[in-house]
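Dear colleague,

Please find the structure below. My notes on a cavity and on a pair of helices follow.

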Amino acid sequence: MSATPAATLKTMEAGDYRYIPAVFQYSSGVAALPGYRLERARFSRLLPMKEGFARIKAHLEALGRPLTAFAACELRSALPFTEDGFREFNLGYAQVLRDWGILEGDDNPVARSNVCPELAPPSESGFHAFTYTVPDSRVGPTFLIAGGAERRGGGPVAEAVVAYGDTSPEGLRAKARQTLGEMERRLAAFGFGWADTTAVQVYTVYDLHPFFLDEIAARGAAQNGITWHPCRPPVQKIDFEMDCRGLDHEILLRV
């Protein structure tokens, strides 16, 4: 999904953040409004969806924050979905966001990644981490860019995916180049670049070493290193995904 130009950014007033509109299941990224910051919380273990939503609700309430402050999440699923299966999964996820007053129609402000661990996959989808807004006028702008892969816009996967089915070094390089470019477009929509990121994550089960230096590091995407998760993107036949963030506060929630 291509990033939306800065002129068409939307504001989630009830959550105190802006977002880049995208497809039904998520936005392309979020940035806190002035006077607020984004804070990321990672669970010490993966929590199944129902339990994860309950823990997130309790955490926000303990902070005195509305449920609409929920701005982003990072999920893990067992196996890549078919396109129809992915939409079916998202319908259940989206219903909770509707109940929380976040999602209206198909306009979903919450940024998201959802990837599938290659080793020891979970038995069901669950929460790895989530991000929310809190009042804070002391920090600079904070943001989180949603997971994006080597897909150019909508349409069938076989037509939209760069180097479809090609996991050779050159095929993966093309996939990485497309994904990096999409990250840069999303960052630019908020007025940011790689220099503003504090963490960059890559999700693939394939070897990225052949193009790490000249495609990833040379762009500035590895200025703080990268976190490489041996995971597959959530839809079958997609092979390379990234997300990134620029945050001042991250915490671990032991569960």
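How do the residues of the lining of the largest cavity divide into nonpolar, polar and charged? There are six nonpolar, three polar and four charged residues. Here Ala, Val, Leu, Ile, Met, Phe, Trp, Tyr, Cys and Pro count as nonpolar, Asp, Glu, Lys and Arg as charged, and the others, Gly among them, as polar.

The model is predicted, with local features needing pLDDT of at least 70 and side-chain atom pairs pLDDT 80 or more, while totals for chains, interfaces and linings use all residues. Residues are numbered from 1 along each chain as its sequence is written, and side-chain values use heavy atoms, leaving out hydrogens and water.

The count comes to one cavity of 30 Å³ or more. A cavity is a set of points, on a 1 Å grid over the protein atoms alone, where a 1.4 Å probe fits but cannot get out, and lining residues have an atom within 4 Å of a point. The largest cavity holds about 60 Å³ of space, and E74, L144, I145, Q201 and D243 are the closest to its centre of the 13 lining residues. Strands (DSSP runs of E, at least two residues) are numbered from the N terminus, as are helices (H or I, at least four). β8 (143–149) is one of the strands that supply at least two lining residues each; its share, four residues, is the largest.

Helix α4 (residues 169–190) and helix α5 (residues 209–216) have axes, which are lines fitted to C-alpha atoms over the stretch in contact, that come within 10 Å and cross at roughly 35°.

Key: Axes fitted to C-alpha atoms, helices over the stretch in contact; angles between N-to-C directions. 1 Å grid on protein atoms, 1.4 Å probe; cavity = no way out; pocket = protein on both sides within 12 Å on 5 of 7 lines; lining within 4 Å. Points joined across faces, edges and corners; volume = space filled by probe spheres on them.
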